[in-house]
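Here is a short briefing for a reader new to this structure. Please look over the sequence and the model before reading on.

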Amino acid sequence: MADRSKRAWTRPHDWAEVVLGVVAVLTPLWADTDTTTMWTMIVLGALIALDGLLSLSMPGLVYGEGVQVILGALLFIAPWVMTYTALDVAAWSSWIIGALTAIAGLAALPVANAVHRGGMTTAH
């Protein structure tokens with residue numbers, strides 16, 4: 001498993017980040033949103049998914065996991081900052097997806113650090 005975490009496109013933490021980002025982007029399709037809420041979720045979700053893809057393609061990129069933690073925190077606080085706490089589904093989606101993104105980023109940090117210290121290998 002340790003060797004697997006060095007290969008591109010194999011780390012489950014990063015795949016989870018991609019999926020969480022895509023779910024955030026798609027949430028306005030099934031949740032009541034206003035324009036601000038919709039664009040907040042689309043932009044933060046897209047950034048989460050793109051950073052997850054970057055981390056998947058470059059497993060030793062440590063700062064990518066730190067960025068995930070920050071993006072997750074931003075999505076988590078967005079309902080308060082962007083004032084959409086009254087939009088229940090959108091707010092709860094932001095809180096849940098934001099928390100899970102931050103957790104995935106924190107869980108992936110030690111793996112990314114180990115790969116970075118040990119050198120990166122390419123996908124086979």
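Predicted model: local features only at pLDDT ≥ 70, side-chain atom pairs only at ≥ 80, totals over all residues.

Residues are numbered from 1 along each chain as its sequence is written, and side-chain values use heavy atoms, with hydrogens and water left out. The protein chain has four helices and zero strands.

**Fold and surface**

- From the N terminus on, the elements run α-α-α-α. Helices (H or I, at least four residues) and strands (E, at least two) are DSSP runs, numbered from the N terminus.
- Of the 124 residues in the protein chain, 40% are buried. Buried means under 20% relative accessible area, exposed over 50%, and partly exposed in between (1.4 Å probe, protein chains only).
- Among contacts with a separation of 6 or more, 73% join residues 24 or more positions apart. A contact means heavy atoms within 4.5 Å.
- The protein chain exposes about 6,400 Å², and carbon and sulfur atoms supply 73% of that area. Accessible areas come from the Shrake-Rupley method with a 1.4 Å probe; for residues, only the protein chains shown count as cover.

**Confidence**

- The average pLDDT is 88, and 88% of the residues score at least 70. This score is the predictor's confidence in each residue, from 0 to 100.
- Residues 120–124 have a pLDDT below 50. Beyond near neighbours in sequence, this stretch has 10 contacts in the model.

**Aromatic rings**

- The structure holds three aromatic pairs. Rings of Phe, Tyr and Trp (its six-membered ring) pair if their centres lie within 6.5 Å; planes under 30 degrees apart count as stacked, over 60 as edge-to-face and the rest as tilted.
- Trp92 and Trp95 form an edge-to-face pair, 5.0 Å centre to centre with 90° between the planes.
- These two residues are three apart in helix 4 (residues 88–118), so about one helical turn separates Trp92 and Trp95.
- Trp92 counts as exposed because its relative accessibility is 51%. Trp95, at 14%, counts as buried.
- Phe76, Trp80, Trp92 and Trp95 form one aromatic cluster.

**A loop residue**

- Thr83 lies in the loop between helix 3 (62–81) and helix 4.
- Thr83 has a positive phi of about 55°, although it is not a glycine.
- Thr83 has 65% relative accessibility, so it counts as exposed.
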